[in-house]
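Hello,

Here is the structure I promised to pass on. Please take a look, then read my notes below.

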Amino acid sequence: MSVLTRDEAQTRARLLDVQRYTIDLDLTVGDEHFDSRTVIHFTARADADTFVELKPAELRTVVLDGQPLDPGTLAENRLPLSSLTEGEHELVIDAVMSYSRTGEGMHRFTDPTDGETYLYTQLFMEDVQRVFAAFDQPDLKAVFELTVKAPEGWTVLANGIAEDLGEGRWQAAPTPPISTYLVAVAAGPWHSVRTEHRGLPFGIHCRRSLAPYLDVDADELFEITRQCYDRYHEKFEEPYPFDSYDQAFVPEFNAGAMENPGLVTFRDEFVYRSAVTDTERQTRAMVIAHEMAHMWFGDLVTLRWWDDIWLNESFAEYMGYQTLTEATRFSDTWTDFGVARKSWGYDADQRPSTHPVAPEAVDDTAAALLNFDGISYAKGASALRQLVAWLGEKDFLAGINTHFARHRFGNATLADFIDSLASATERDVHAWADAWLRTTGVDTLTPVVAPGDDGTCALTVEHAGSRPHRIAVGLYDQDPADEARRLVLRERLDLDIPQSAPLPLGKRPALLLLNDSDLTYAKVRFDPESFQAVRSGLSGLPDPLTRAVVWNALRDSVRDGQLPATAYLDAARAHLPRETDLALVQGVLAFASAQVTDRYITAEARPVALATLTDLCRDLIRRTEDGDNAGLRLIAVRHFIDVAAQPETIAAWLAEGTVPGGPDLDPELRWRVLGRLAVLGATDEAAIAAELDRDPSATGQEGAARCRAALPDPEAKRRAWDAMFAGDDLSNYLFTATAQGFWQPEQADLVREYVPRYYEDAVAVAARRGPAIAVAVGRWAFPGYAVDTENLRLGEECLRDADLTPALRRRLVDELDDLARALRVREV
């Protein structure tokens with residue numbers, strides 16, 4: 001397939017003005033294909049050659065200005081339009097297109113619960129070409145008119161309000177000018193709940209089998225949607241720019257959500273079938289807020305080229321967390337951001353694949369696709385949070401509103417965005433952007449406390465890095481009136497880095513914490529006295545966001561080889577039993593189990609580490625026996641299952657259908673227990689089949705695939721491997737589930753023979769099945785359990801010698817760097 005280059009896009013944008021697409025889709029012609037007829041009205045500004053993109057199963061006819069063109073000229077995904085003359089044109093393309101099973105293009109899913117079929121589009125980057133013909137680049141915006149023929153009894157959703165014309169025909173209202181990648185269709189026998197807010201139709205939609213679960217949460221979903229909608233209208237002068245707001249929860253979705261104007265699509269795991277914590281509800285609410293922010297930043301004003309991905313994602317990420325904090329009951333979202341998202345950015349920014357938030361060298365769409373990562377989301381959002389702290393929210397929002405007014409329904413660049421901000425302030429925003437958005441890596445801030453002659457002290461910050469920072473410095477003293485000697489805040493001091501002079505602190509604090517309030521993006525270290533205070537008093541710090549900064553500092557120190565991994569486990573064992581914030585408990589346990597016990601300590605030390613975590617989770621379960629904190633208990637139960645080294649306790653839970661004292665085992669917990677029992681060799685195929693009979697849903701199918709791949713049996717491993725790499729039948733979700741089950745630290749000897757096979761088979765399947773599967777192959781199927789030099793050597797040879805797709809290469813670069821880091825950490 002030919003990828004679009006920046007130069008080609010710029011040339012075509014100078015040549016063409018695209019006014020309108022009229023698209024007719026027929027979804028009734030079979031299970032494998034659908035018909036797609038596209039009429040494009042456009043103007044050429046000069047005589048020239050150009051091309052239109054599509055990826056058909058069959059190209060039937062092409063007609064330009066009434067004259068047929070040869071369909072045989074289609075090469076890969078490009079249909080040449082040769083000798084195009086200056087003036088207005090009409091291009092008509094009739095094609096047969098293929099349904100997708102990988103979440104790309106028009107995805108087709110049949111629900112195993114009831115046999116109902118659902119279709120939805122995910123057209124991001126280049127996948128519109130899988131559905132209809134298009135001049136596929138973000139700066140050729142146009143109006144889209146869509147007609148769909150669907151089976152009788154189905155509902156069709158689209159960017160605009162869709163009218164049922166009868167006999168399966170649906171007509172969507174024309175859109176305002178939008179980019180090709182933002183067109184959306186969802187068709188099927190949806191369960192829909194509708195309401196109206198400020199005269200605008202709101203709807204939420206899901207598969208029929210999920211209807212009871214959506215109905216339970218409908219009020220909460222609509223409340224969050226209304227609160228965010230109202231808050232954005234307080235922030236933004238430009239009103240919501242589309243005719244409706246539908247949110248569809250769709251199956252086997254690759255991303256968290258997609259900001260299609262008027263029809264946001266979400267992964268339908270957000271329709272909760274099983275118990276969840278309030279932090280997980282907060283995450284869902286944040287995704288709602290994030291996607292709604294895109295209606296302005298991304299949809300109303302769209303990037304000109306993919307080097308400005310961050311203009312979409314960083315803004316929506318920052319605005320989602322901030323708006324949720326301001327407008328909803330979730331008033332402490334930045335703690336979760338610090339624990340669950342910011343570490344994503346820190347990790348990505350320290351790998352060889354790092355890139356600036358606003359890179360200058362995104363030469364084509366394949367390169368652009370790789371930049372949807374922790375840098376474009378978490379680091380970019382952190383940079384914007386620092387910008388607001390430096391600029392002030394009033395000037396920041398004034399600049400944003402100027403940007404919307406200048407580029408309404410158009411396209412904009414980083415330079416345009418910075419110019420809009422600069423118009424609202426006297427500060428040098430251009431210099432700030434150069435320092436923050438054009439550089440890579442994570443700065444490190446280390447405190448140096450110098451004592452004075454009068455019992456006072458002063459702070460100088462050693463700054464490894466180049467960016468300016470505005471931070472708060474927290475000074476904490478031990479409370480002499482408290483037997484536990486908890487740390488109490490004396491004061492927070494504002495500090496600009498680089499410093500002009502040492503910062504006077506007064507009396508030496510027990511704990512000096514840089515970046516208290518977490519307003520900047522940097523790793524922080526402790527001076528020796530502060531580290532001792534952290535070791536004894538971390539859980540007593542009064543603010544969860546402060547504790548998040550401390551936990552992140554400990555995490556970074558482990559990853560950098562400055563703190564033994566076992567010391568992190570000791571801190572978790574000492575302080576998590578007294579922790580009250582669910583996001584912190586979840587984040588610390590996730591790092592302790594997935595990274596520390598599974599990768600950062602040796603196989604010989606792993607049983608002791610698992611025992612430590614088991615004891616910790618048991619303490620949390622005991623602490624919540626009175627039913628006072630169901631969310632904390634659920635987290636503890638989940639992690640107790642995940643780290644169980646012996647099967648007896650969790651097998652008894654499964655047999656009895658409950659944890660003593662609760663909770664009852666819902667489907668998520670039952671599959672979780674069965675998966676761990678499979679790893680431990682304490683279940684079999686008959687038990688997995690019986691559980692699948694009990695829960696035949698799509699989630700149950702994934703659970704069964706994960707369990708079967710986890711069985712410590714050579715034949716089970718062979719079947720799982722063949723399903724992933726020899727055939728192409730697994731959907732994106734079933735592939736991921738199988739990969740998640742396959743590699744287990746407890747089964748090192750059993751799966752060792754597959755480590756060298758991985759590199760050859762991964763290359764082949766990624767080339768064969770495309771970017772979505774390539775990402776799953778690189779992330780979930782990678783043998784990360786094998787923390788040894790042989791695995792690293794094989795991977796480096798693959799990078800050097802194999803013909804890798806860009807998506808797989810990027811994942812392998814990241815995974816191998818993480819592997820090398822784990823080897824270094826083990827040496828501490």
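Asn732 is buried, with a relative accessible area of 3%. Bear in mind that this is a predicted model. Asn732 sits in helix H22, residues 732-742. Arg101 is 631 residues from Asn732 in sequence, yet their C-alpha atoms are 6.8 Å apart in space.

Next, the charges. The structure has 68 salt bridges. One of them pairs Asp347 with Arg555, with 2.7 Å between the closest N and O atoms. Asp347 belongs to helix H5 (residues 333-349) and Arg555 to helix H12 (residues 544-559), so this pair ties together parts 208 residues apart in sequence. Asp347 is buried at 10% relative accessible area. Arg555 is buried too, at 11%.

Asp347 also forms a salt bridge with Arg559, at 3.1 Å from N to O. That pair again links helix H5 to helix H12, across 212 residues. Both Asp347 and Arg559 are buried.

Another salt bridge joins Arg672 and Asp642, at 2.9 Å from N to O. Arg672 is in helix H18 and Asp642 in helix H16, 30 residues apart.

On the surface, Glu152, Glu163, Asp164 and Glu167 form a patch of negative charge. Asp164 lies in strand E12, residues 162-166. Its relative accessibility is 45%, so Asp164 counts as partly exposed.

Last, the cysteines. How many disulfides does the whole structure hold? The search finds zero. Cys206 is buried at 0% relative accessible area, and Cys228 is buried at 0%.

Best wishes

Definitions and conventions
Residues are numbered from 1 along each chain as its sequence is written. This is a predicted model: local features need pLDDT of at least 70, side-chain atom pairs count only at pLDDT 80 or more; totals for chains, interfaces and linings use all residues. Side-chain values use heavy atoms; hydrogens and water are left out. Patches are made of residues with over 30% relative accessible area and no salt bridge: like charges are joined within 9 Å, nonpolar side chains (Val, Leu, Ile, Met, Phe, Trp, Tyr) within 5 Å. Accessible areas come from the Shrake-Rupley method with a 1.4 Å probe; for residues, only the protein chains shown count as cover. A salt bridge is a side-chain nitrogen of Lys or Arg within 4 Å of a carboxyl oxygen of Asp or Glu. Lys and Arg count as positive and Asp and Glu as negative; His and the chain ends are not counted. The place of a charge is taken as NZ of Lys, CZ of Arg, CG of Asp or CD of Glu. Helices (H or I, at least four residues) and strands (E, at least two) are DSSP runs, numbered from the N terminus. Buried means under 20% relative accessible area, exposed over 50%, partly exposed in between (1.4 Å probe, protein chains only). A disulfide is a pair of cysteine sulfur atoms within 2.5 Å.
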